[in-house]
Amino acid sequence: MRKVVQSSKPFFALLFSVVIAMMAISQPIAYAAEESNESKHYLGTVVNAGHDTGFSENNAISENDPHFGWKLGEFYVNGYTRVTEDKNGTPVFLKTVGDTVTLWFKLEQDITKLNGDETLSINDDANGHDEYFGIEKTDMGRGTLIIRHTDYQNHASDPVIYTDYLAATASQNAAVEVKLCEEGDYEVALDYELRKNNLDLFGWNPFPSYNDYRIFFRFSVRNGNCMVYPFDVVTGAELTNSSITENGFYLDLAKSRYLNIDIKKEVRKDGAEGLTEDVRFNKPAKDGEKYTDEGIYTITVSNQYTNQTTTKVIYVGTDDVLKAHVVTGLSISDVEYQLSMGATVAADGTLIPASEQSQPPAEPASPNEEIDTTTKDEDNHSEQPNSEVSLSDDASKNHMPAGMWLYAGGATLLVAFIGSAIAIAQRKKKHRAKNISRIDSADKADNGGDV
């Protein structure tokens, strides 16, 4: 008699595979999110710049042009948080903390066989010049990269020139870092000359033709934040909004040179109608400028590229009314009313109402006065408040964080699923045992009781 026993191993193998797949499912999602965070912005288009004109012409590349239908390479910028445009349509890259704005160039051609044409190559330009940047005739080699930076004071630095760039620095099919970019405006040009061999006489090319080409673009880099940092002139501690200092403060713009920063000063003066606010000045602020005269200073920072505004209020002085006005936000008249009702001003400018002032010690009760007129209900109520507190404490101790319910529920379902599977397997096993027993009894009966 052959016994047939079905194994439950495939079922558990399937269950194990499902669990492993669920555990691993989040990993590809994380990688995909990481990939999508990389931003690139491509810049520049190529034009026919004539020949020996200092790359000054701006001609479209026509069908008969040897540069028609293919690209030498591409420039792009990455490492920024956001890109916008100024009023002239120039890209403006906004950076925040941790960003490193970088310009790259990727060469896509073999410069000795452009577009797969062995008769077309980048020429070694021994006497090229650039009219726009004012670069006199020089040995430009096989392509010259030119970069000029203009700072926040509108001072244009001398252009940085990289001669023989395509041969010495660029690498085919690989992005090469050109420059790390700080705040300012940039002008970039790649000048190069093509040589076309029109006739080959056993390696001699007597009638080559030449054309100059240029990739030119502009871009700007700005800080994307909208912050200014006031510091105490004596302690050097940073002052936050609604801070109080007796010493005065100075401003640190953190090299954010393109923010609009205005500062307004207000003081109190005796007038016919009492003490009032008086605006004394409202002007643009300077990096490092100190403000030590008594008054309330309102600093307003705006970023024209993000349309964000930040305001900070600093009080310089010792006047309690102005301290409370700055810290609490109450008007001066409201602060004075609170003081007239017995409130006081703490050192940090907060108002302490009269009801919270320290009270004089109570006089001892006379022997004839009734000390305690309340009775304690020991049977029903005396311990109830403590019991409620105890229950509340126990409940708070046993409270499970909300984030754990998901894991607890998942684990419970998994255990229940596995337990059910084991129970089903055991029932099947018992059922098979009963069937086998019946079969054996039938065999004995057929054989006269012998097995």
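How many aromatic pairs does the structure hold? The structure holds 17 aromatic pairs, where rings of Phe, Tyr and Trp (its six-membered ring) pair if their centres lie within 6.5 Å.

## Basis of the model

This is a predicted model, in which local features need pLDDT of at least 70 and side-chain atom pairs count only at pLDDT 80 or more, while totals for chains, interfaces and linings use all residues. Residues are numbered from 1 along each chain as its sequence is written, and side-chain values use heavy atoms, with hydrogens and water left out.

## Overall composition

The protein has seven helices and 24 strands; helices (H or I, at least four residues) and strands (E, at least two) are DSSP runs, numbered from the N terminus. Of the 451 residues, 29% are buried, that is, under 20% relative accessible area, with exposed meaning over 50% and partly exposed in between (1.4 Å probe, protein chains only).

Among contacts (heavy atoms within 4.5 Å) between residues at least 6 apart in sequence, 60% join residues at least 24 apart.

## The four-stranded sheet

Four strands form an open sheet in the order β1-β3-β6-β12, with antiparallel pairing; two strands pair if DSSP finds at least two bridges between them. The edge strands, each pairing on one side only, are β1 (40-43) and β12 (175-180). On average, neighbouring strands of this sheet are turned by 30° against each other, direction ignored; the axes are lines fitted to C-alpha atoms, and angles run from 0 to 180 degrees between N-to-C directions.

Strand β6 (residues 102-107) runs antiparallel to β12 and is joined to it by five bridges. Opposite Trp104 stands Glu177 in β12.

## Partners of strand β14

Strand β14 (residues 208-223) pairs with several strands.

Strand β5 (residues 91-95) pairs with β14 in the parallel sense over four bridges, and the bridge partner of Leu94 in β14 is Arg222.

## Aromatic contacts

A pair of aromatic rings is described by the distance of the centres and the angle of the planes. Planes under 30 degrees apart count as stacked, over 60 as edge-to-face and the rest as tilted. Tyr132 and Phe216 form an edge-to-face pair, 5.2 Å centre to centre with 70° between the planes. This pair links distant parts of the chain, 84 residues apart: Tyr132 lies in the loop between β8 (128-130) and β9 (135-138), and Phe216 in strand β14. Tyr132 counts as partly exposed because its relative accessibility is 37%, and Phe216, at 23%, also counts as partly exposed.

Phe133 and Phe216 have ring centres 6.4 Å apart and planes at 55°, so their pair is tilted. Phe133 is in the loop between β8 and β9, 83 residues from Phe216, and counts as buried because its relative accessibility is 7%. Elsewhere, ring pairs link Phe75, Tyr80, Phe93, Phe105, Tyr165, Tyr186, Phe217 and Phe219 into a cluster.

## Charges over rings

A charge sits over a ring if NZ of Lys or CZ of Arg is within 6 Å of the ring centre and within 35 degrees of the ring normal. Lys40 lies over the face of Tyr76, at 4.8 Å from the ring centre. Arg257 lies over the face of Tyr152, at 4.8 Å from the ring centre.
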